[in-house]
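Dear colleague,

Please read it with the coordinates open beside you.

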There are 2 protein chains.
Amino acid sequence: MLEDKTPQRTPLGDLGEFGLIKHITSKIPLYNDTVLGVGDDAAIIEARDEQTLISTDMLVEGVHFDLSYQPLKHLGYKAAVVNLSDIYAMNGNATQLVVSMAVSNRFPVEAVEELYSGIRLACERFHVDLVGGDTTSSTSGLILSLTVLGKQKAEKVVRRDGAQPSDLIVVSGDLGGAYMGLQILEREKAVFQENPDIQPDLQGNEYVLERQLKPEARQDVVKILHELDVVPTSMIDISDGLSSELLHLCEGSKRGCRLFEEKIPIDPKVYDLCEEFNLNTTTVALNGGEDYELLFTIKLEDFDKIKGNPNLSVIGHITEDENRYLVTRDNVAIELTAQGWNPLADKEE
Amino acid sequence: MLEDKTPQRTPLGDLGEFGLIKHITSKIPLYNDTVLGVGDDAAIIEARDEQTLISTDMLVEGVHFDLSYQPLKHLGYKAAVVNLSDIYAMNGNATQLVVSMAVSNRFPVEAVEELYSGIRLACERFHVDLVGGDTTSSTSGLILSLTVLGKQKAEKVVRRDGAQPSDLIVVSGDLGGAYMGLQILEREKAVFQENPDIQPDLQGNEYVLERQLKPEARQDVVKILHELDVVPTSMIDISDGLSSELLHLCEGSKRGCRLFEEKIPIDPKVYDLCEEFNLNTTTVALNGGEDYELLFTIKLEDFDKIKGNPNLSVIGHITEDENRYLVTRDNVAIELTAQGWNPLADKEE
């Protein structure tokens, strides 16, 4: 009946997630001690000598995960990690987590326990307090909604809007692994559906499978930066893909960038698999997403502090203008675009 | 495939929501400045001279709301109010809200705007900052997950566990209205489904319809208590029904109660409708739920402060033992039981 009553109808996919959020959340008035509302990895709330950070994520079965290859414990772990990652992306410390879930009756209690055991494992590993939640039924499938609180001293909180010309662009770990893990899982699922007698062949692909099924949040990078006495000028975590996230930093800071293709850190296994799947490695690293590495900018004078750290790669720099370029191995500058991922686009059933 | 791999299967409905939460959240370790974790209306986090409160709620289409009679703007307003109510139920001030939603593609952008306009209206009315969220697609229906932060001085935060013998049991407003509003909506929906030419007859029932479709959170009661210099010894909001919530206070405080049937505040309109629908008014008030009134206990010596306040009714008192009684109009004490509402129970499709 909604369809009949609404005179104007703009399909959700037209705006996309970012467009929709921007559209809905423009000019939101603030009444309390909120330092920063919608628009970054987390909101910032003043709380005396430290600020409170808050971030939330929703994961929907059939959209964000596929239970035919995602074990529930891993899913719980990943759901928590994805959420915590937003706090680390503010250079903060994650402290409390609330978890809501809607489950259809096809899930027995033991399934919910499995899921929670993964969430609790993440809380244990990252020293986060699980402090509440809501559990209810769904009419179909499993929906998870997590909200995390964190904190940090005001002068150490890092937003998306502080990148300055000549700042270096740095990324942690390596990219594209989670995406290639997903390719393998999708391939093996297709083989299985064709012939249920064939066992999935996952051997030798443990690294990329773990990147997809059980990623880690880079709390360690926040600690390293603290120890090195480096406060990034801007930071974000890589959930949608390097290009999409780098564009967010540039847009937030109203600056441009030069990203060097040859500097993008990629694991040898990802190279091998890209060849096997006939995919371009750079495209995978730029647009694959779900690696949950941290992408940040630092002042040029901080380079000596991070130089040689095996967890960190300098992949480019920020420019004065607003042109965003990928500089290829052949030294050609092409415009950086985000394929990203639009969870609101129409999908074929 | 879940069905095949899990050797032990306990249906979710067997445990019920409270059972499941208790089961999953037992012995959760805490690592940070968490004062109180799972188990009350909100968690409590130490934050210097005030404490941070956090609470979350999930609302699922087809389980918690029916869009065939719930306008989207009202739904947004109600979703926010239900969440804020948990902070007021801790005697706190709600300050920030994050909203996640999963929407199927059958909803146009305008529908999401309508929903948000209701949420924003609630934020405006209750002076709460909308600071973030996540928007994604669902495979079916609409799912809302809201998390609210609040704050209060440590000595004024009210939990469920502080009721003492001889404390008075107090409730705000009146009860049963939201339930009777739902009865009318369900009746008119059935009539409409039988014969779409008949227009719904809602005239004269505005009060109970508003109680159901657009309830208010009792922020005003928190203010009144502050002005009267009364700090309740325990408090909860009435979402599931008076009996269920009173039992929560008794269990939390390890005490009993005597609740007087004749003292339960009921609007004359609810009496009329109960007669029309052939329902027992007391049963409706005890088990109807969704009134979002505040139920709390105060020390006997605070009675003079609240006496005569039209927003507050004394409906019973706390006892030393753990017997929970409803004292009927005929002065017969019967055991108080909660029918409540189990969102995890099997439902017929």
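In this predicted model, the side chains of B:Arg329 and B:Glu261 form a salt bridge, with N and O 3.9 Å apart. B:Arg329 sits in the loop between strand 12 (324-327) and strand 13 (333-335) of chain B, while B:Glu261 belongs to the loop between strand 9 (256-260) and helix 9 (268-277) of chain B, so the pair ties together parts that are 68 residues apart in sequence. The two partners differ in burial, because a residue counts as buried under 20% relative accessible area and as partly exposed between that value and 50%: B:Arg329 has 45% and is partly exposed, whereas B:Glu261 has 13% and is buried.

A second salt bridge in chain B joins B:Glu322 to B:Arg324, where the closest N and O atoms are 3.5 Å apart. Here the acidic residue, B:Glu322, is partly exposed at 47% relative accessibility, and B:Arg324 is buried at 13%. Turning to chain A, salt bridges with shared partners connect A:Arg211, A:Arg218, A:Asp220, A:Asp291 and A:Glu293 into one network.

Over all chains, the search of the whole structure gives 34 salt bridges. One of them is formed by the side chains of A:Lys78 and A:Glu290, at 2.8 Å from N to O. This pair links distant parts of the chain, since A:Lys78 lies in helix 3 (residues 72-88) of chain A and A:Glu290 in the loop between helix 10 (281-287) and strand 10 (294-298) of chain A, 212 residues apart. A:Lys78 is buried, its relative accessible area being 6%.

Helix 3 of chain A also holds A:Ser85, which is buried with a relative accessible area of 1%. Leaving aside residues up to four places away in sequence, A:Ser85 touches A:Ala217, A:Asp237, A:Tyr292 and A:Leu294.

On helix packing, how are helix 5 and helix 9 of chain A arranged against each other? Helix 5 (residues 177-194) and helix 9 (residues 268-277) of chain A pack at an angle of about 45 degrees, and their axes are 10 Å apart, which makes helix 5 of chain A oblique to helix 9 of chain A. The crossing of these two helices of chain A is left-handed. From helix 5 of chain A, the residues A:Gly177, A:Met180, A:Gln183, A:Ile184 and A:Arg187 meet A:Val270, A:Leu273, A:Cys274, A:Glu276 and A:Phe277 of helix 9 of chain A.

In helix 7 (residues 219-227) of chain B, the buried residues are B:Gln219, B:Val221, B:Val222, B:Ile224 and B:Leu225, and they pack against helix 3 (72-88), helix 4 (109-126), strand 7 (168-172), strand 10 (294-298) and strand 11 (312-319) of chain B. After helix 7 of chain B comes B:Asp229, which has a positive phi near 60 degrees. In helix 6 (residues 206-213) of chain B, the buried residues are B:Val208, B:Leu209, B:Arg211, B:Gln212 and B:Leu213, and what covers them includes helix 3, helix 5 (177-194) and helix 9 of chain B.

Key. Residues are numbered from 1 along each chain as its sequence is written. Chains are lettered from A and ligands numbered from 1 in the order in which they are written. This is a predicted model: local features need pLDDT of at least 70, side-chain atom pairs count only at pLDDT 80 or more; totals for chains, interfaces and linings use all residues. Side-chain values use heavy atoms; hydrogens and water are left out. A salt bridge is a side-chain nitrogen of Lys or Arg within 4 Å of a carboxyl oxygen of Asp or Glu. Helices (H or I, at least four residues) and strands (E, at least two) are DSSP runs, numbered from the N terminus. Buried means under 20% relative accessible area, exposed over 50%, partly exposed in between (1.4 Å probe, protein chains only). Axes are lines fitted to C-alpha atoms, for helices over the stretch in contact, and angles run from 0 to 180 degrees between N-to-C directions. Angles under 35 degrees count as roughly parallel, over 145 as roughly antiparallel, 65 to 115 as roughly perpendicular and the rest as oblique. A crossing is left-handed if the near helix is turned anticlockwise from the far one by less than a right angle, and right-handed if clockwise. Contact means heavy atoms within 4.5 Å.
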